[in-house]
Each structure stands twice: as structure tokens, then as C-alpha cells.
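Student: I have a new model open on my screen, and I'd like to talk it through with you. Shall we take it step by step?

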Amino acid sequence: MITPEDLLVGPRGRRFCFELLGHAADESSEVAHALEAVIDTVDPRSIDTTQVLRALADTADTAMSWQEPDATDVLLARSEFAPALARLASTWASLPAVTAVVEPPGAVTQWSTVPDGELGRHPDRGAGPGAAARSLTAWHRALTTEVAAVRPRDRRRPAAANVSGSWWSTPPSELLTTTAAVGTLGPIGLWAVEDGLGWERATVAPIQPAPDVSVLVVDSAEDWGALCRRWSFDVSDTTRRHDWYRTTGRDGRWLTPDWSALAETHDAVHVTVRAWLRAAGTAVPVGPDTASVIAGWTPDTTVWLRDPQPVVDDDAATVWTFDGDALRWTTGDDEVLTDGVFPTRS
């Protein structure tokens with residue numbers, strides 16, 4: 001069950017509270033009082049699932065894990081905002097519309113979402129047998145090369161140096177990714193895309209995974225930390241040091257998950273909306289002197305790591321477009337996308 005703490009402990013959760021309120025940031029010294037005043041005008045009963053998805057989308061759109069928090073996030077982290085945010089979190093956590101998005105039902109079909117501009121299909125499809133293994137092997141080789149290529153002078157640069165590069169902690173993009181759907185509103189992957197490009201048209205299709213798949217579920221910072229303790233790469237000397245310093249303020253040793261190693265024991269990894277709200281964009285503790293960052297993840301994403309990749313049912317695919325007037329995604333026929341059963345997670 002979602003709790004107010006889920007919406008308060010991390011920058012993404014605080015931003016979600018703010019975005020759902022629909023209040024525009026004001027950097028004046030009176031903004032905390034203004035926020036309290038706006039809260040008093042809101043009827044929680046008026047909040048629907050579309051508004052919650054819009055708020056999650058706006059939150060994901062501002063999640064930039066290669067730079068400093070923006071002005072709004074900085075303001076929301078200040079102590080004078082704590083009482084107002086606590087009021088919001090307590091209200092939002094109790095709403096069925098928020099629960100429907102943050103905790104989508106476990107027994108639902110997963111959906112592949114492929115925006116136009118990505119060849120009209122998921123990039124791994126049609127690649128033949130062994131495509132996932134090849135993608136992970138190439139990813140492992142590239143990261144190994146990146147780490148080995150770090151020069152001594154690069155290690156001596158201060159964390160605040162104006163250097164950037166690879167900053168994400170996601171598996172290779174060639175792998176199949178899916179999210180749950182929220183009734184007639186479509187998959188979460190249509191709405192809340194971290195580091196998205198503002199697509200307005202996409203193809204959505206259900207997947208057909210095997211019934212006995214093993215899915216590693218990340219539902220908290222602690223889960224991410226445990227993942228990195230068991231399967232990880234040390235990327236402390238890569239450009240992630242500078243990007244993650246800017247977004248978290250921490251300078252130290254950094255780890256990122258070794259997805260090729262995880263694929264030896266699990267078919268997929270799933271980062272829940274709750275984990276994303278609580279922990280994305282923070283320095284997640286891994287060991288006494290190491291940390292990691294959930295960076296580049298769209299909330300509720302499942303990434304399928306093993307061959308054969310789940311079958312995407314093209315016969316059941318639908319084309320969705322973003323209605324700029326209604327500010328929502330639609331197929332025009334209001335089909336509910338909740339048929340089937342998502343495999344048991346482990």
C-alpha cells in the first residue's frame with residue numbers, strides 16, 4: 001500500500017506531489033505560503049487517474065540525472081516546504097486514482113510501447129535468435145572498454161568538473177521493455193518517459209511471456225542497493241562520477257548494475273513506480289563507501305533480459321496518439337488494456 005513517506009523521501013516523489021497539485025513554481029519568499037493556500041482550494045475528490053498520469057509524466061519529464069536539480073526541486077527540498085508537502089502526500093496517498101497508477105494491479109498484461117521514430121517496432125524484434133544475449137554481451141564489452149580507457153588524469157579531476165557522458169543505469173536499449181496499463185488510458189510507458197523526446201504517436205502491443213519467468217522486482221532503494229551489491233560494475237572513474245555528483249551532490253565510489261550477470265539468473269528486472277518515486281535521482285547506498293543511481297528509468301518499467309524475448313502480439317497492436325487539447329493519449333475506442341495475467345514475480 002502506498003504511504004505518504006513514499007511521496008516524501010525522494011525528489012521524484014516530492015515533485016509528483018507538486019505536479020499533481022497543478023501549482024506553478026514561484027521563487028518568491030512567499031511561495032511556501034502560496035502553496036498552502038492552493039492546497040486549501042483543492043478538492044481531492046476531483047482528482048482522476050488522467051490527472052495522476054499527467055503529474056507522473058511531468059515528473060518524469062523533469063528527471064534529468066545528468067545535471068543539478070532544477071529550481072522547483074531545490075525549493076521543494078527546503079525545510080519550509082515540509083509541512084505543505086506532508087499535507088499533500090497524506091492526501092494523495094489515500095486517493096484511489098493515485099493507487100491505480102503507483103500500484104498498478106499485479107495480475108495484468110504487460111505492454112510494449114514503441115514511439116514513432118523508432119522504426120515503428122521494438123528495436124530487438126526481427127533480430128533473430130540470441131538477440132538479447134548479443135545485446136548484453138555488446139553492452140558488457142562497451143562498459144568494460146569505457147572503464148579501462150579512463151586515464152590517470154581523468155581520475156584526478158574534481159567531481160564538479162564540467163564533464164559529462166554516459167549517465168544512465170539502465171540495461172541496453174535494444175532489449176524489450178514493457179509497462180502495465182491503466183485502464184482505458186493506456187500503458188504507463190506512453191505517459192511517463194524519463195529522458196523522452198516528446199513523441200505524440202506510438203504503437204502499443206501486449207506481450208506473451210512464458211508462465212514461469214523469473215522477475216527481479218526493485219520496489220525500494222534497498223532493493224536497488226541489494227541488486228548492486230550482488231551484480232555490479234564499478235564506474236567510479238567514468239563520466240558518471242561527474243553527472244551523478246551534479247544530480248545527487250555526492251562525491252565517492254559509484255556502482256551500476258551488471259545486467260549481463262543478472263541475466264544469468266533472472267529473465268527480467270522490474271522497477272516499480274514506488275521505487276522510482278522514492279529513490280530515482282538519489283545516491284542509493286550500496287556499501288560503506290559505494291552508492292548507485294536509478295537514472296534513465298521510466299517508472300514501472302520491466303526490461304526483459306533473456307532469450308527468447310517474450311513474444312509481442314502484433315495482431316493485438318493499437319496505435320495511440322496524444323491529444324494536445326485533452327492532454328491525454330487515446331486510440332479513439334476506449335479499449336481497456338487489462339486482459340491476461342502478468343507472470344509471477346520473484
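**A walk through the model**

Tutor: Happy to! T247 is found in helix 11, residues 240–248, and please keep in mind that this is a predicted model.

Student: Is T247 buried or exposed?

Tutor: A residue counts as buried when its relative accessible area is under 20%. T247 has a relative accessible area of 9%, so T247 is buried.

Student: Which residues is T247 in contact with, leaving aside its neighbours within four places in sequence?

Tutor: Remember that T247 belongs to helix 11. With its sequence neighbours within four places set aside, the contacts of T247 are M64, S65, Q67, P69 and G281.

Student: Let's move to the core. Which residues touch the most other members of the largest nonpolar core?

Tutor: In soluble globular proteins, nonpolar side chains tend to be buried together. Here the largest nonpolar core holds 82 residues, and those touching the most other members are W92 and W224.

Student: How many residues are in the second, separate core?

Tutor: That core includes L176, I207, W304 and V312. Its total is 8 residues.

Student: Now the rings. What kind of aromatic pair do F322 and W329 form?

Tutor: A pair of aromatic rings is described by the distance of the centres and the angle of the planes. For F322 and W329 the centres are 5.7 Å apart and the planes are at 65 degrees. Planes over 60 degrees apart count as edge-to-face, so the pair F322 and W329 is edge-to-face.

Student: Which residues do ring pairs link into a cluster?

Tutor: The structure holds 8 aromatic pairs. Ring pairs join these residues into a cluster: W66, W167 and W168.

Student: And which residue lies over the face of W254?

Tutor: Look 4.7 Å from the ring centre of W254. The residue lying over that face is R250.

Student: Last topic, the largest pocket. Which element gives the largest share of its lining?

Tutor: The largest pocket has about 1,300 Å³ of space and is lined by 46 residues. Helix 3, strand 1, helix 7, strand 2 and helix 9 each supply at least two lining residues. The largest share, 5 residues, comes from strand 1.

Terms used
Residues are numbered from 1 along each chain as its sequence is written. This is a predicted model: local features need pLDDT of at least 70, side-chain atom pairs count only at pLDDT 80 or more; totals for chains, interfaces and linings use all residues. Side-chain values use heavy atoms; hydrogens and water are left out. A nonpolar core is a set of buried Ala, Val, Leu, Ile, Met, Phe, Trp, Tyr and Cys residues joined through side-chain atoms within 4.5 Å. Buried means under 20% relative accessible area, exposed over 50%, partly exposed in between (1.4 Å probe, protein chains only). Rings of Phe, Tyr and Trp (its six-membered ring) pair if their centres lie within 6.5 Å; planes under 30 degrees apart count as stacked, over 60 as edge-to-face and the rest as tilted. A charge sits over a ring if NZ of Lys or CZ of Arg is within 6 Å of the ring centre and within 35 degrees of the ring normal. On a 1 Å grid over the protein atoms alone, a cavity is a set of points where a 1.4 Å probe fits but cannot get out, and a pocket is an open set with protein on both sides within 12 Å along at least five of seven lines; lining residues have an atom within 4 Å of a point. Grid points are joined across faces, edges and corners, and a volume is the space filled by probe spheres set on the points. Helices (H or I, at least four residues) and strands (E, at least two) are DSSP runs, numbered from the N terminus. Contact means heavy atoms within 4.5 Å.
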